[in-house]
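User: I would like to learn how to read a pocket and a helix crossing. Can we take them in turn, beginning with the pocket lining?

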Amino acid sequence: MSGQTASLLSVSGLRKSYGDRVVLDDVSLTVEPHDVICLIGSSGSGKSTLLRCLNLLEEIDDGIIAFESREISDPRVDPRAVRSRIGMVFQAYNLFPHLTVLDNCTLAPRRVHGVSRAEAESRALSLLERFGLAEHAAKHPDQMSGGQQQRAALVRALCTSPTLLLLDEITAALDPELVGEVLSIVRAEAEAGMTMVIATHEMAFARDVATSVCFLDRGRILEQGPPSQIFSSPTEERTRQFLRRVLPT
Amino acid sequence: MSDWSPSQHELDRRRVRSRLRTRSAAIATAMTVGVFVAIGFAVTQSPGWETVKENFLSWPDAKASFPDIRDAIWLNIKMFLIAEAFILVIAMLIAMARVSRSPWLMPLRVTAVVYTDVVRGIPTILLVYLFAFGMPALQLQGLSNSPFFWATAALIVSYSAYVAEVFRSGIESVHPSQWSSAQALGLSRGQALRHVIVPQAVRRVVPPLLNDFVSLQKDTALASAAGVFEAVATARDYTLYNFNFTPYLVVAGFFIAMTVPLARLCDWLTARMRRRELAGAL
């Protein structure tokens, strides 16, 4: 119905409110294949809600979301078909505690994508291997450290070979030492050409991997541009104010 | 925010959403009507339907037995209300005894474990027999010998064991970090239990608790076995004199009328608690 045919994802005029509280106001965003878009901004600026809207976890109040040239904000679209092409990782890991790491990773491939058990396990194991989690495959999530759990959650999201990966402040619950091990995976995925939209508080990381940075403030994208521009010469006063507080001087 | 008005696209989408909602409502209605009509048809076409109608669905018998059953059901309600109050208190005490850690309370813990194991193992109707016929034989001073008193006591004993386990599962489902943070604030284990753990536990177990209380309401009928002339006994009395079973359906109707408001009340309470705690959260 809308959207430029080339873009992987395009959002225009997106609005979302909870009751009287407007959380997203006229948000527009375009994601091309292999883009890494970093959403920055203070807590409550709407970063997480935007990601949840992209994955159709929230019913939007206005605007259009198009994915692979098809409007997915149309109520007639089956959200499961969309979600099976989009991966998402949450701040609190959200691994299923009653399943082993391997079973966490093979659940969706087997039940949603109809992959055989052997095939799903061999793919999961090779990904776990690549991210240094091979020896933890048989463990339950609560037996692992936060960093290991978050890496496992990333593997779980990658197991379905998504075309777009949404990361919602995935290092916010980790101590600084563990942040690096998680971000190095994201960096590797970015270099491999994975398209990602990332809500993050890690400015150094955003500067490094982002192809484009969006600064959100009170539900609006106030400023968007390549990291070199946003971090060194932001045009908006509000952006400068935010960056002064979060960037080491 | 006040200058926003939905775009044409959004208006179209709302129309689609409402059309989809109407469609689901239509499917739900058609399915429900279809299934119940089919069941009704199957039942009324059965070969014995005429006999059943005569023996179980006789309007004159329903009318004739109604006043007596209505008067007798008050005995069930009274028994239920008295028993429920005692059960909640006793069950909570047993559950708290079972999760206590103090070495001084070891005998209490042992008693609580044995109590739940033994009592839950005995069929409720046996407890009613044992209490109603055995206890008066002890010739205890100062206690009533009425079947109503002992039947109610039997229900209290039986159900407090079940409900204690429900409470205990609720207490154990509260995350250990809640214990830690309560103790870190300097609360004693007892205080933590009383002010932090139990309030959260009770909320979680409202649905299984309701289950047990609905079951208790129905089990007040067991008192008829001990000679209490409550609603089921009254209905049986009528059927024995008039050779018609319709009063049983009348009693069933009364029991349903008792349990449904309780179920709705619990649903409402649970929904209200959820709304308050999750207000504004995702």
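Analyst: The lining of the largest pocket divides into 12 nonpolar, seven polar and three charged residues. Here Ala, Val, Leu, Ile, Met, Phe, Trp, Tyr, Cys and Pro count as nonpolar, Asp, Glu, Lys and Arg as charged, and the others, Gly among them, as polar. The model is predicted: local features need pLDDT of at least 70, side-chain atom pairs count only at pLDDT 80 or more, and totals for chains, interfaces and linings use all residues. Residues are numbered from 1 along each chain as its sequence is written, chains are lettered from A in the order in which they are written, and side-chain values use heavy atoms, without hydrogens or water.

User: How much space lies in the largest pocket?

Analyst: Rolling a probe the size of a water molecule over the atoms shows where empty space is left. In this model, the largest pocket holds about 650 Å³. Closest to its centre, of 22 lining residues, are A:Asn55, A:Arg83, A:Ile86, A:Met88 and A:Ala108.

User: Which element gives the most to that lining?

Analyst: Strand S6(A) does, with four residues.

User: At what angle do the axes of H3 and H4 of chain B cross?

Analyst: Axes are lines fitted to C-alpha atoms, for helices over the stretch in contact, and angles run from 0 to 180 degrees between N-to-C directions. H3(B), residues 59-99, and H4(B), residues 106-121, cross at roughly 125 degrees, their axes coming within 8 Å. That makes H3(B) oblique to H4(B). Angles under 35 degrees count as roughly parallel, over 145 as roughly antiparallel, 65 to 115 as roughly perpendicular and the rest as oblique.

Technical notes: Helix = DSSP H or I, 4+ residues; strand = E, 2+ residues; numbered from the N terminus. 1 Å grid on protein atoms, 1.4 Å probe; cavity = no way out; pocket = protein on both sides within 12 Å on 5 of 7 lines; lining within 4 Å. Points joined across faces, edges and corners; volume = space filled by probe spheres on them.
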